[in-house]
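Some terms for the parts of a protein and their contacts rest on cut-offs.

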Amino acid sequence: MEELVALCKSRGFIFQSNEIYGGLQGLYDYGPLGVELKNNIKQAWWRSMVYERDDIEGLDASILTNPKVLKYSGHEETFSDPLIDCRSCKSRWRADHLDSQKCPSCGSEDLTEPRPFNLMFKTNVGPIDDGSSFAYLRPETAQQIFINFKNVLDSTSRKLPFGIAQIGKAFRNEITPRNFIFRVREFEQMELEFFVKQGEDEAWHKEWLDRRLEWWYAQGVSKENLEIYTVPKEELSHYSKSTLDIMYKFPHGLEELEGIANRTDFDLGSHSKNQNELNITSKVDENTDSNAKLAVQNLENNKWEVPYVIEPSAGVERGFLAILNEAYNKETLAGGKERVVLSFKPHLAPIKAAVIPLKRNNDELVKKSQKVKNSLQSLQLGRVLIENSGNIGKSYRRHDEIGTPLCVTVDFQTLEDNTVTVRDRDTMEQTRIDTKDLVSYYQNYLLT
Ligand code: ATP
């Protein structure tokens, strides 16, 4: 983990947030390469969910949430972790994360009994701060999908089964954020709520587990590092009938990467008016003052039914960490030299290609490099940059270390015959290519 953290900082993937003022715990900022990798992960998810399927719509809803939403969703009452205080050193711990009855900080056994600590952040909305005008920062993106169910249904005429996908920030006031970006207080979720008929829920739950595993493999996460954990009944969230967690062998241990829950009709039912007419199977709070009926009409018997929901919910940061961990390799080359290489799948690489003028600040070479760069960039397959450092060996090493799949060197021969050298990150092989063939070479490389 230390090596990954150091690389992330030195190469501009991840910085500690608010660092110049001493930081703010549990928050991280994503630098020039981090933002590219994060965007690429999110795009890959969006493509597989929204573009490559015909039964899913997208959504981008607000973060600030009316407290009633989180009241009737059950979060106000139950979205908490057990908190323990150390009376000696005043540190605070999550009870279920302690290995023993001792304070991990000072070793004291003088600990309080665990008490529930609600993880939701509150903020004031509007100019008057009288305690009644507050909103929550959403602790999951899911609730906004549920409360927009009817909007999406009415505007798209969808029939069951169909899904709504959303990527966005979520906030949890974690008692002990830790393990780098694994557990943080501000993070992004990639969530799908897939609405199905009751009775078809269990088959869809299995189906989504398979689909999501395939997706992780396609991002370069190896089978050997993934495990499925069936969450035992007593550990299930209040809304879940059954949850399958995709666990990953992170550098600090085996932990949850993505949760796939069968949320039944709990959420849509909780947010619906006239619940007694809807035949809801879950135990929901009947006092909701929502004005919506989040249900679909069964055309065979004209009855309104609340769909069941299967929810694959993945954290972008945990995905980032897993993908980075998989990509990180230290190799010993002939002659005993070591190279660090990030072997990202090409579609995830933060920089797709670096164009390197052989001689630094040589006008002709830089001008030609700019042309080559523009031709590759115009395909819009991701970021291409010019590496005008003048030292070819160093440039290759730097781009291995940040996972750039291709380096294109423009030298004096290029000025004569329009050929460039293309170096492959993984094989380190170098090929001389005519610039008129370069665009298709690059396109094939990235798209196959
Ligand atoms: P954990 O048990 O690890 O706290 P959880 O079961 O509370 O996670 P979910 O509510 O199922 O997590 O959230 C779905 C996904 O969101 C998780 O699988 C994870 O990838 C991500 N996630 C949840 N909490 C955090 C966090 N504090 N920091 C980063 N990612 C998170």
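The questions that follow concern a predicted model and the interface of domain 1 and domain 2.

Q: How do you know where domain 1 and domain 2 lie in the chain?
A: The domain assignment gives domain 1 as 2–79 + 119–323 and domain 2 as 349–447. These bounds come from an automatic or database assignment. Taken over C-alpha atoms, the centres of the two domains are 39 Å apart.

Q: What makes residues of domain 1 and domain 2 part of the contact?
A: Contact requires heavy atoms within 4.5 Å. Seven residues from domain 1 and eight residues from domain 2 take part.

Q: Why is the pair R11 and E401 called a salt bridge?
A: The rule asks for a side-chain nitrogen of Lys or Arg within 4 Å of a carboxyl oxygen of Asp or Glu. The closest N and O atoms of R11 and E401 are 3.1 Å apart, which is within 4 Å, so the pair counts as a salt bridge. Across the interface the rule finds one salt bridge.

Q: Which helix supplies the largest share of the side of domain 1 that touches domain 2?
A: That helix is α2, with four residues. Both α1 (2–11) and α2 (32–51) supply at least two residues each.

Key
Residues numbered from 1 in each chain as written. Predicted model: local features only at pLDDT ≥ 70, side-chain atom pairs only at ≥ 80, totals over all residues. Heavy atoms only, no water.
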